[in-house]
Amino acid sequence: MRNIKQKSMAFLCGLSLSILSAGPQASGNVAMPPDPLYVQECGSCHVPYPARMLSRSSWQALLIGLQNHFGSNADLDRDSLQAIGRYLEANAKRGETVADGKPILRITETRWFRHEHDEISGQTWKLPAVKSPSNCAACHTSAAQGNYSEHQIRIPRN
Ligand code: HEC
Ligand code: HEC
């Protein structure tokens with residue numbers, strides 16, 4: 001009886017460990033593991049931007065305009081759109097990200113972002129390896145995994 005118990009405990013421990021190690025690493029500036037559908041649909045042209053970096057109204061405005069999304073067509077079928085909308089709204093920043101009474105569509109235009117990056121020179125933003133502040137992964141080496149920890153930053157030299 002005892003033996004069986006021990007065996008099943010060992011099995012359970014092994015199982016949860018393998019689930020943990022397969023999952024996204026939760027360290028640094030990570031709020032929660034990204035939703036797989038979100039990563040698939042909104043992480044192919046750029047990193048899947050963290051939901052917590054824009055407010056609900058900003059995400060809503062972005063999702064309404066996907067046909068003309070910063071010059072790209074990022075349109076989605078209705079079911080995916082609804083599921084992604086629910087995910088983003090549930091994990092959005094509390095409070096508003098607005099400018100002139102309108103929801104801000106870019107994380108890079110929020111006051112928070114500007115403040116956090118105010119030590120980066122204009123020259124660095126224009127480096128060929130960076131191109132645009134929206135290109136988080138140029139400096140945040142684990143941005144694709146949603147990790148923006150200070151320990152995972154490397155600014156390109158050219
Ligand atoms: C077909 C390619 C494509 C897809 C798919 C796509 N995007 Fe984008 N997205 C872009 C481009 C291009 C930009 C502008 C990047 C730049 O200015 O450097 C952008 C910019 C953004 C920005 C602003 C980034 C900043 O500057 O702060 C957000 C937020 C965003 N996308 C969210 C989404 C979401 C949410 C989805 C999924 C519903 C999505 N994107 C799917 C191409 C895409
Ligand atoms: C040119 C390089 C570069 C780009 C591109 C960039 N960042 Fe940063 N980011 C930095 C640096 C440098 C810091 C400051 C780290 C510090 O204060 O020690 C920083 C800080 C941050 C922090 C705070 C980290 C912490 O733990 O304090 C977050 C979150 C962040 N960036 C998110 C983003 C997002 C999201 C994008 C893309 C929309 C982005 N960054 C684009 C270089 C960059």
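Colleague: Let us begin at a ligand: how many Å separate a nitrogen atom of ligand 1 from an N or O atom in the side chain of H46?

Modeller: This is a predicted model, and what I quote is computed from its coordinates. A polar contact is read as a pair of N or O atoms within 3.5 Å. In the case of H46, an N or O atom of the side chain is 2.8 Å from a nitrogen atom of ligand 1, and for H69 the side chain likewise places an N or O atom 2.8 Å from a nitrogen atom of that ligand.

Colleague: Which residues come closest to ligand 1, and how many surround it?

Modeller: There are 24 residues around ligand 1, and the closest are C42, C45, H46, H69 and T108.

Colleague: Which residues come nearest to ligand 2?

Modeller: Of the 20 residues around ligand 2, the nearest are H117, C136, C139, H140 and Y148. Polar contacts can be read here too: a polar side-chain atom of H117 is 2.8 Å from a nitrogen atom of ligand 2, and the side chain of H140 has an N or O atom 2.8 Å from a nitrogen atom of this ligand.

Colleague: Turning to the fold, what pattern does the protein chain follow along the sequence?

Modeller: The chain has six helices and two strands, and in sequence order they give α-α-α-α-β-β-α-α. Among contacts between residues at least 6 apart in sequence, 57% join residues at least 24 apart.

Colleague: Where is confidence lowest, and where is it highest?

Modeller: The general idea is that where pLDDT is low, the predicted coordinates should not be read in detail. Here the chain averages a pLDDT of 85, with 79% of the residues scoring at least 70. The lowest confidence falls in helix 1 (residues 2–22), at a mean of 41, and the highest in helix 3 (residues 56–64), at 97. Over residues 1–28 pLDDT stays under 50, and for that stretch the model has six contacts beyond four places in sequence.

Colleague: How many residues does the largest nonpolar core have, and which have the most contacts inside it?

Modeller: In soluble globular proteins, nonpolar side chains tend to be buried together. The largest nonpolar core of this model has 26 residues, and those with the most contacts inside it are Y38, Y49, W59, I84 and L88. Two or more residues each come from helix 2 (36–42), helix 3 and helix 4. Taking Y49 as a case, and leaving aside its neighbours within four places in sequence, one finds it in contact with Y38, W59, I107, S134 and C136. For the chain as a whole, buried residues make up 29% of the 158 residues.

Colleague: Is R86 buried or exposed?

Modeller: The cut-off for calling a residue exposed is a relative accessible area over 50%. R86, which is found in helix 4 (residues 78–91), has a relative accessible area of 57% and therefore counts as exposed. R86 and R56 are 30 residues apart in sequence, yet their C-alpha atoms are 9.8 Å apart in space.

Colleague: And how does G65 count, at 26% relative accessibility?

Modeller: G65, in the loop between helix 3 and helix 4, counts as partly exposed, because its 26% falls between the cut-offs of 20% and 50%.

Terms used: Residues are numbered from 1 along each chain as its sequence is written. Chains are lettered from A and ligands numbered from 1 in the order in which they are written. This is a predicted model: local features need pLDDT of at least 70, side-chain atom pairs count only at pLDDT 80 or more; totals for chains, interfaces and linings use all residues. Side-chain values use heavy atoms; hydrogens and water are left out. Helices (H or I, at least four residues) and strands (E, at least two) are DSSP runs, numbered from the N terminus. Buried means under 20% relative accessible area, exposed over 50%, partly exposed in between (1.4 Å probe, protein chains only). Contact means heavy atoms within 4.5 Å. pLDDT is the predictor's confidence in each residue, from 0 to 100. A nonpolar core is a set of buried Ala, Val, Leu, Ile, Met, Phe, Trp, Tyr and Cys residues joined through side-chain atoms within 4.5 Å. A residue is near a molecule or strand if one of its heavy atoms lies within 4 Å of it. A polar contact is a pair of N or O atoms within 3.5 Å; within protein, one must be able to donate a hydrogen and the other to accept it, and residues adjacent in sequence count only if both atoms are side-chain atoms.
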